[in-house]
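Here is a short tour for someone meeting this structure for the first time. Take a look at it before reading on.

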Amino acid sequence: MDKVQSYKAKENCFYKAAIGFNSQPCYTICRKVKTFSPLTALLCLLLFSINIQGQVKQPVTPNIVLIYTDDVGFGDISCNGTSAVQTPNIDNLAANGVRFTNVHTTSATCTPSRFSLLTGAYAWRKKGTGIAPGDAALIIPTDKQTLPKMLQQAGYRTGAVGKWHLGLGPQGGPNWNGDIKPGPREIGFDYSFLLPATGDRVPCVYVENQRVVNLDGKDTISVSYNAPINPNEPTGKSNPELLKMQPSHGHNMSIVNGVSRIGYMTGGKSALWVDEEIADVLVRQSVKFIDDSKQQPFFLYLATHDIHVPRMPHSRFVGKSGMGPRGDAILQLDWTVGAITNELTKRKLSGKTIIIFTSDNGAVLDDGYKDGAVEKIGKHQPNGMYRGGKYSAFEAGTLVPFILSWPGKAAKGKTSNVLLSQIDLYASLAALTGQTIKTGDAPDSENHIASFLNKSGKPRMHVIEQSINNTLSIIVGAWKYIEPSDGAAINKNTNTELGNLKMPQLYNLSTDPGEKNNLAAQKPELVKALKEQLEQEKNRK
Ligand code: NG6
Ligand code: CA
């Protein structure tokens, strides 16, 4: 296997040198080759120097809008073929750009996927990067390089609008009534307007530039993830009659806007959000950020709340999908995409802006509220043909929608099945904008800008996926290996197959994308090779 990898790496280096892209992938790939002969070293050095010239030749700094959606499965958008809900605005992005069918998040849950996206490092390399409680400290180190910091160095104004869920403040949690730091500013965002954690976690307030919006100093906010702060305040558990939507599992603590959440909060009454307005508010703040960024190129990280629970879309979408709140939230998400693209068009920014649409993990139906998602699903296939879902080691955990549009620059109306990871956006955007990545920064990110623009780039050598219980899988070409795990086979709350088995699993994704036939017993050599490859990656410093 190492020999094959070594050969492929050299081939890849040659290819990248030939097309004159950034030196980083070549360096990264060469660095990863275990059998590193003096000849390989020499070859890589040579290609490295050729590539440096390629890199500095044509850096460009288009605006970048990354629409990072929540829990949207591969099949939840109509251009991917299995959706019963129409998403014309998202489909339009695909019609004008590249629709990818093999781009993975690094993880089947939110926090680790976002951590990897913004740092270029697999989250499983760092403790404490699992699903963050709503009062967690900031999990991204402030002394390390990040994707937004790299873009700031390239001259960008950077903004984060929407769901954060990467922790805020120092160890022990943030001070919700003062300056909330460290936060987005300290990891490279010039502007931020956040839902601090998720829609289903307290505190249910917006945080703009690291201060709670509309906070009345006489009504301070307290947050606890252990016990009720004021035992006299109603909770979802004690007062279900006060709720607009009943929880199905968990989510029975503090009540905000008629919805009970995870965690307890008191105070901050004037600052509480209204769930039905969140999508509109996030679009408004995104447009404000775009308008305030006229002097420089901008990077907008728009992390939607849709379609995470609680699904409480605006009344103009309610009942419109025929699939209940989950389908209506998809319609609202599609509206968001349309609103952003229209605003860019109005400002004549379309040709100057890369828009990327993707999701943080796969789809889930019942994720904690009785909103009819299971009962009303009909023929809709939220995860397309893939097995599992959010939380899972199977493909539906991490194989998500991914569309890139850059009118006039990226390919138009093309579909790409090239194997890539969202973690590659960091090095790819660095290459595009002429930034060099120092050794130690973004250790797992590779430059695949040619593939992202669908200019005949090559796939990743391998992709690693992380499930909720940290089972790791590796894909190399058509083959996927899932390491043995003692984890539960099924998430009983969400009724998701988690992909855990005490034995190794091996699937041929090109003939068996639904991961039905475990070939591990038939192909022990391949299992051994993939296991070794995964172990090597785990141990790589
Ligand atoms: C789980 C929550 C789920 C959701 C998820 C995070 C329970 C029982 N389930 O722990 O509702 O909030 O965390 O979702 O509390 S994510 O998309 O942000 O990763
Ligand atoms: Ca998510």
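This is a predicted model: local features need pLDDT of at least 70, side-chain atom pairs count only at pLDDT 80 or more; totals for chains, interfaces and linings use all residues.

Strand β5 covers residues 191-195. Of its 5 residues, 5 are buried, so the strand is largely enclosed by the rest of the structure. In a regular strand, side chains alternate between the two faces of the sheet. In β5, Y191, F193 and L195 point one way. S192 and L194 point the other way. Residues of both sets are buried.

Strands of a sheet pair through backbone hydrogen bonds, in a parallel or an antiparallel sense. Which way does strand β4 run relative to β5, parallel or antiparallel? Strand β4 (residues 157-163) runs parallel to β5, and 5 bridges join them. In this pairing, G159 has Y191 of β5 as its bridge partner. Strand β6 (residues 207-208) pairs with β5 in the antiparallel sense, over 2 bridges. Here the bridge partner of F193 is E208 in β6.

## A four-stranded open sheet

An open sheet of 4 strands runs in the order β17-β18-β19-β22. Its pairing is antiparallel. The edges are β17 (463-466) and β22 (505-508). Each edge strand has a single partner, so one side of each is left without a neighbour in the sheet. From one strand to the next, the twist averages 20°.

Which strand is joined to β22 by 4 bridges? It is strand β19 (residues 479-482), and the two run antiparallel. Within this pairing, K480 has Y507 of β22 as its bridge partner.

## S321, a buried loop residue

S321 sits in the loop between β12 (298-303) and α8 (324-346). Is S321 buried or exposed? S321 counts as buried because its relative accessible area is 17%, and the cut-off for buried is under 20%.

The side chain of S321 has polar partners. A polar contact of 2.7 Å links it to the side chain of D328. A polar atom of the S321 side chain also lies 3.0 Å from the backbone nitrogen of M323. Setting aside neighbours within four places in sequence, S321 is in contact with V85, G327, D328 and L331.

## G178, between β4 and β5

The loop between β4 and β5 holds G178. This glycine is buried, with a relative accessible area of 9%.

What does G178 touch, not counting residues up to four places away in sequence? G178 touches Q210 and R211. L215 is 37 residues from G178 along the chain. The C-alpha atoms of G178 and L215 are separated by 9.8 Å.

Methods:
Residues are numbered from 1 along each chain as its sequence is written. Chains are lettered from A and ligands numbered from 1 in the order in which they are written. Side-chain values use heavy atoms; hydrogens and water are left out. Buried means under 20% relative accessible area, exposed over 50%, partly exposed in between (1.4 Å probe, protein chains only). A polar contact is a pair of N or O atoms within 3.5 Å; within protein, one must be able to donate a hydrogen and the other to accept it, and residues adjacent in sequence count only if both atoms are side-chain atoms. Contact means heavy atoms within 4.5 Å. Two strands pair if DSSP finds at least two bridges between them. Axes are lines fitted to C-alpha atoms, for helices over the stretch in contact, and angles run from 0 to 180 degrees between N-to-C directions.
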